[in-house]
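Subject: Structure for you to look at

Hello,

Here is the structure I promised to pass on. Please open it and keep it beside you while you read my notes.

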Amino acid sequence: MPTPAGPVRADALVAGLPRWAWQQLSAGAGAKGERFYDWAWITLTPDSHACGADTDMGCWWLLVRRHRRTGELAFYRCYSPQTVPLRELVRVAGRRWAIEESFQAGKRLAGLNEHQVRRWTSWRRCTLLAMIVHALLSVIAANEHTDRPAPTGMIPLSCSEIRRLFTVLVVTPPASRPAREPGRTGADATNTEPEQATTGVRRQLDDGHNDLRLEY
């Protein structure tokens, strides 16, 4: 880490911290309630390589998180254009859990990690489309929970279920409809027997040739 005394390892900086330098703060709500850790921060020398010569150097810190039971340490290198309190850095660092959850949901629901592209423009378009799909599913689910809560004894409508319903609506072929015979019009034009369809594909006679036609 860059310091006024020169580069120093992060663990060496933490080893010299007094007890009063640590503060107990919550990193946000988790699955089992508030996630409390001990936090400390150390002012670093502005990184000229990261900022550039013509850019405001801002404020740099080493933020340290310590597990209150195991003593395990985690390090965050932080930057802000202006001075901010320790609580604000802890709040931003605590967003990592929610961000990782969003990435996992995007992969599961919208295929965020299933692109097969090699260029930046194609990857950006694919990622943007997956993010839009994920946002659409999340908004629909949130609106359903607010406007039409689930009946007693039933679980709320989830994003996965909404995606399944969209898949059924778009991919599954419509039910068989009565067919019209050539040359007939009016009430007599409707054939009373439904067409035979097998998973949306039927065989059609065309000038003596058998062709497969996919029906949507």
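First, a term you will need: a patch here is made of residues with over 30% relative accessible area and no salt bridge, and nonpolar side chains are joined into one patch within 5 Å. Please note that this is a predicted model.

Now the patch itself. Leu136, Phe166, Leu169, Val170 and Val171 make a nonpolar surface patch of about 520 Å². Helix 5 gives the most to this patch, with four residues. Leu136 sits in helix 4. Leu136 has a relative accessible area of 46%, so it counts as partly exposed.

Next, the overall layout. The chain has five helices and six strands. Their order along the sequence is α-β-β-α-β-β-α-α-α-β-β. The chain has 216 residues, and 23% of them count as buried. Its accessible surface is about 16500 Å², with 55% belonging to carbon and sulfur atoms.

Helix 3 deserves a look. It covers residues 86-110, which is 25 residues. From first C-alpha to last it reaches 36 Å, close to the 36 Å expected. At Trp97, helix 3 bends by about 30°. Just after the helix, Gly111 takes a positive phi of about 65°.

Which residues of helix 3 are buried? They are Leu86, Leu89, Val90, Ala93, Gly94, Ala105, Gly106 and Leu109. Their cover includes strands 1, 2, 3 and 4, along with helix 4 and helix 5.

Then the charged pairs. Side chains of opposite charge can pair when their charged atoms come close. The structure holds seven salt bridges. Here are three of them.

- Arg9 pairs with Asp11, with the closest N and O atoms 2.9 Å apart. Arg9 is exposed at 60% relative accessible area, while Asp11 is partly exposed at 37%.
- Asp38 pairs with Arg68, with the closest N and O atoms 3.2 Å apart. Asp38 lies in strand 2 and Arg68 in the loop between strand 3 and strand 4, so this pair ties together parts 30 residues apart in sequence. Asp38 is buried, at 12% relative accessible area.
- Glu88 pairs with Arg91, with the closest N and O atoms 2.8 Å apart. The two are three residues apart in helix 3, so about one helical turn separates them. Glu88 is partly exposed at 29%, and Arg91 is partly exposed at 45%.

One last point on these pairs: salt bridges that share partners join Asp38, Arg66 and Arg68 into one network.

Best wishes

How values were computed. Residues are numbered from 1 along each chain as its sequence is written. This is a predicted model: local features need pLDDT of at least 70, side-chain atom pairs count only at pLDDT 80 or more; totals for chains, interfaces and linings use all residues. Side-chain values use heavy atoms; hydrogens and water are left out. Buried means under 20% relative accessible area, exposed over 50%, partly exposed in between (1.4 Å probe, protein chains only). Accessible areas come from the Shrake-Rupley method with a 1.4 Å probe; for residues, only the protein chains shown count as cover. The expected span of a helix is 1.5 Å times one less than its number of residues. The bend at a residue is the angle between axes fitted to the seven residues ending there and the seven starting there. Contact means heavy atoms within 4.5 Å. Patches are made of residues with over 30% relative accessible area and no salt bridge: like charges are joined within 9 Å, nonpolar side chains (Val, Leu, Ile, Met, Phe, Trp, Tyr) within 5 Å. A salt bridge is a side-chain nitrogen of Lys or Arg within 4 Å of a carboxyl oxygen of Asp or Glu.
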